[in-house]
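Please open the model in your viewer and keep the sequence panel beside it. The tour below moves from one selection to the next and says what to look for at each stop.

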Amino acid sequence: MRRYAALMRAVNVGGQGALPMAQVRAMLAELGFDDPQTLLASGNALVGSTLTPAEIERAFEAGIENTFAFKTDVLVRDVDQLKAVMAQNPFPDFARERPSTFIVYFLRGEADGDLADLRPFCVFGEAVAMGPGCLYLCYPEGSGTSKLSGAVIERKLKVRGTGRNWNTVGKLVAKLGG
């Protein structure tokens, strides 16, 4: 049995997708996941399972839809994948100095576009780089007013995803025993 981080897209942010984490943990236990935990209230869960990551994603997504009548994507990563994301960070100084405005945008599949397509949306000094199954996003002025939104990223790169700040990525690695 392995432990995984399951990242729910668009949960408990911006007044949408309100899912009580205690109920999410109960749902995960009912689905047969081992020792379900949540981290923060922003859609992060940790589960043990013998299923493949893709099977976990499908089961988790179906569970959310059936339990909460809410449809969302779930992206699953193991500790080694998260460690690789941390190790390959091309912006270590920014991540260290501004971890709450440094975002790892985890991708579901391969991007079908060019990072150059995102540059016109980097109007406040944002920087973007590709990583292992993710994008690294520096938001010097914060992401709230940036033109480089998740919707823009998904439209331009033709891939869905979900973002987590650097602090959260580090907490997920620590919780998974990394």
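The stops that follow go from a sheet to the helices packed on it, and end in a loop.

This is a predicted model, in which local features need pLDDT of at least 70 and side-chain atom pairs count only at pLDDT 80 or more, while totals for chains, interfaces and linings use all residues. Residues are numbered from 1 along each chain as its sequence is written, and side-chain values use heavy atoms, with hydrogens and water left out.

**The sheet**

Begin by selecting the 4 strands that form an open sheet in the order β2-β3-β1-β4, with antiparallel pairing. Strands here (E, at least two residues) and helices (H or I, at least four residues) are DSSP runs numbered from the N terminus, and two strands pair if DSSP finds at least two bridges between them. At the edges stand β2 (34–39) and β4, each with a single partner strand, so one side of each is left without a neighbour in the sheet. From one strand to the next the twist averages 25 degrees.

On one flank, 6 bridges join β1 to the antiparallel strand β3 (residues 44–49), and the bridge partner of Ala5 in β3 is Leu46. Now pick out Leu7, which has Asn44 as its bridge partner in β3 and Leu75 as its bridge partner in β4. The antiparallel pairing of β1 with β4 runs over 5 bridges.

Move to β2 and β3, which pair in the antiparallel sense over 4 bridges and form a hairpin with 4 residues between them, where Leu40 in the turn has a positive phi of about 60 degrees. Select Thr38, which has its place in strand β2 and is bridged to Ala45 in β3. Is Thr38 buried or exposed? With a relative accessible area of 16%, Thr38 is buried. Its side chain and that of Arg25 are joined by a polar contact of 2.5 Å; a polar contact is a pair of N or O atoms within 3.5 Å, where within protein one must be able to donate a hydrogen and the other to accept it, and residues adjacent in sequence count only if both atoms are side-chain atoms. Contact in the wider sense means heavy atoms within 4.5 Å, and, leaving aside neighbours within four places in sequence, Thr38 is in contact with Met21, Val24, Arg25, Asn44 and Ala45.

**Helix α3**

Select α3 (residues 79–87), in which Val79, Leu82 and Val85 are buried. These residues cover an arc of only 120 degrees around the axis, which puts them on the same side of α3; the arc is that of the directions from the helix axis to the C-beta atoms. At the start of α3, a side-chain oxygen of Asp78 comes to within 3.0 Å of the backbone nitrogen of Asp80.

**Helix α6**

Turn to α6, whose buried residues are Trp166, Thr168, Val169, Leu172 and Val173. Around the axis they cover an arc of only 165 degrees, which puts them on the same side of α6. At the start of α6, a side-chain oxygen of Asn165 reaches to within 3.0 Å of the backbone nitrogen of Asn167, while Gly177, which follows α6, has a positive phi near 90 degrees.

With both helices shown, which residues make the contact between α3 and α6? Val79, Leu82, Lys83, Val85 and Met86 of α3 make it with Trp166, Val169, Gly170, Leu172 and Val173 of α6.

**A last stop in a loop**

Finally, select Val123, in the loop between β5 and β6 (127–131), which counts as partly exposed at 45% relative accessibility.

Note on methods. Buried < 20%, exposed > 50% of the residue type's maximum accessible area, 1.4 Å probe, protein only. Axes fitted to C-alpha atoms, helices over the stretch in contact; angles between N-to-C directions.
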